[in-house]
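Subject: Structure for you to look at

Hello,

Please find the structure below. My notes on it follow.

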Amino acid sequence: MAEFPEELDFLSLFECEPTMLDNSKDYPFYYNEATYRFSNGYEDFIVKISPAYGEVKIQAIKSDSNRLVSILDLKRIEKFEIIADTKELASVLLTVINEDSQQIIEIDFKPYFKQVFKEHLTT
């Protein structure tokens, strides 16, 4: 089972309300798909999170030119960790575990977008 933060943690991190795929009150956050749209003033982000499926899609677009900076579309997130959540700094750490490797993706949303990808062999 994938490890994801709680809904309130995402509200704090992204500083916005998500659009939910299923808006019924009986449908828990963990089993839903949440889409967050926000900006850091330099880049605009669309983040889709489906905790039960371990899916995360992050799209970053340059605010002033509407130029695509990055798309990260992951289907097997084992762990989603918030490593910084302050007014000046927002960062997450995503972990994907494969048969023979572990992939770690560190993403900064604030103050600027940064993505660092590392892979470690486990065999």
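The accessible surface of the protein comes to about 7,500 Å², and carbon and sulfur atoms hold 48% of that. Accessible areas come from the Shrake-Rupley method with a 1.4 Å probe, and for residues only the protein chains shown count as cover. This is a predicted model, in which local features need pLDDT of at least 70 and side-chain atom pairs count only at pLDDT 80 or more, while totals for chains, interfaces and linings use all residues. Residues are numbered from 1 along each chain as its sequence is written, and side-chain values use heavy atoms, with hydrogens and water left out.

Of the 123 residues in the protein, 41% are buried (under 20% relative accessible area; exposed is over 50%, and partly exposed lies in between, with a 1.4 Å probe and protein chains only).

The protein has one helix and nine strands, in the order α-β-β-β-β-β-β-β-β-β along the sequence. The protein is as compact as a globular protein of 123 residues, because its radius of gyration is 14 Å, close to the 14 Å from the globule rule. That radius is taken over C-alpha atoms, and the rule is 2.2 Å times the number of residues to the power 0.38. Helices (H or I, at least four residues) and strands (E, at least two) are DSSP runs, numbered from the N terminus. Along its principal axes, the C-alpha trace spans about 45 × 35 × 25 Å.

Among contacts (heavy atoms within 4.5 Å) with a separation of 6 or more, 27% are between residues 24 or more positions apart.

Two residues are worked through here.

T35 lies in strand 2 (residues 34-39). T35 is buried, with a relative accessible area of 10%. Apart from residues up to four places away in sequence, T35 touches P18, T19, I46, V47 and K48. The C-alpha atoms of T35 and I49 are 6.5 Å apart, and these residues are 14 apart along the chain.

N98 sits in the loop between strand 7 (90-97) and strand 8 (101-110). N98 is buried too, with a relative accessible area of 16%. With neighbours within four places in sequence set aside, N98 is in contact with R76 and Q103. The side chains of N98 and R76 are joined by a polar contact of 2.4 Å (a pair of N or O atoms within 3.5 Å; within protein, one must be able to donate a hydrogen and the other to accept it, and residues adjacent in sequence count only if both atoms are side-chain atoms).

Regards
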